[in-house]
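Please consult the sequence and the model while reading.

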Amino acid sequence: MATQSHSLSYAGCNFLRQRLVLSTLSGRPVKIRRIRARDDNPGLRDFEASFIRLLDKITNGSRIEINQTGTTLYYQPGLLYGGSVEHDCSVLRSIGYYLESLLCLAPFMKHPLRIVLRGVTNDQVDPSVDVLKATALPLLKQFGIDGESFELKVVRRGMPPGGGGEVFFSCPVRKVLKPVQLTDPGKIKRIRGIAYSVRVSPQMANRIVDSARSILNKFIPDIYIYTDHMKGVSSGKSPGFGLSLVAETTTGAFLSAELASSPQGQGAAVLPEDLGQNCAKLLLEEIYRGGCVDSTNQSLGLLLMTLGQQDVSKVLLGPLSPYTIEFLRHLKSFFQIMFKIETKPCGEELKGGDKVLLTCVGIGFSNLSKTLK
């Protein structure tokens, strides 16, 4: 826990999750003003309020103050407690919105976290549970977070707008993280995927698989796309289908892409064939961007490097996403840590787009809750 108690002040609703997660880890209070102050409907949205309630459930002694209009939020973090928790997420955003932050916080709890989240499992905005399971969990394992109780599983699928999905996530606690050197992205050796369909014909998933393979088979033979058709109670409340693809490299890096159909009654109808082809193209684009961590998990990797032992960590990434760039600024504000950033133009050995090598020395963050037993 950081000793400084003076709070940081921000304005606007952007990057709310980043600020609250880093505040919880660093122990520094934050005050966020003018949250959608000029909007017709000012203040915190339902999904943001749900996220704040979730933080309250997994910490002990947090102080949260919100003014009447919801445009100002003051958050003074407590200790990360963990334990068994259940939470109903807002159906406006998918469970991935909440899970991304839980992945950052779970290793530093006092008790191992076992949480059941209910809501939308796959949508068009946030990373789906399938992609986080295939890419974020192996990334956490690189930093030494592993064990029998480390799992993420989809119990029920739920598509927007109705939701009705359920996900179980459990994570062991670690006192310290080990430094990493992820500088060799390697070559793509296999592609795995899940084509899911709920409350529509199971044939949809097969059509998605065929169209995705029609593009990917030209590049690599080792492709296996599972079809996941959930029925009855486990299929949530709304119809929909989608595909998530993950390419694994020879050095153990995972690059992902995904697409989901439009929510019932919203947007243009999507053909499964188009969805499969577009998702395959998105995966090829992600492979072109490359790096050892895909663009979904860049900020998670950088956070774990920051919190590592006082040793040098390096990671090679593709072009930084705007979200990651803002995250680096926040890391400087909360932890006073600066990354050394070197661009690696695409040369002979580095195929694809230009890469960025980020180096930092960890702050030696240790899980205080663990020593208080």
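Two strands are said to pair if DSSP finds at least two bridges between them. Helices (H or I, at least four residues) and strands (E, at least two) are DSSP runs, numbered from the N terminus.

This is a predicted model, in which local features need pLDDT of at least 70, side-chain atom pairs count only at pLDDT 80 or more, and totals for chains, interfaces and linings use all residues. Residues are numbered from 1 along each chain as its sequence is written, and side-chain values use heavy atoms, with hydrogens and water left out.

Q: Which residue in E15 is the bridge partner of leucine 245?
A: Strand E15 covers residues 254-260 and is joined to E14 by seven bridges, the two running antiparallel. Within E15, the partner of leucine 245 is alanine 257.

Q: Which glycine in the turn between E14 and E15 has a positive phi?
A: E14 and E15 form a hairpin, with four residues between them. The residue with a positive phi, of about 90°, is glycine 252.

Q: How many residues of strand E14 are buried?
A: Buried means under 20% relative accessible area, exposed over 50%, and partly exposed in between (1.4 Å probe, protein chains only). Both faces of E14 are covered, with Val246 among the buried residues on one side and Leu245 among those on the other. The count for residues 240-249 is 10 of 10.

Q: Why is one side of E11 and of E17 left without a neighbour in the sheet?
A: The open sheet has the order E11-E16-E18-E17, with mixed pairing. E11 (181-182) and E17 (340-344) stand at the edges, so one side of each lacks a neighbour because each has a single partner strand.
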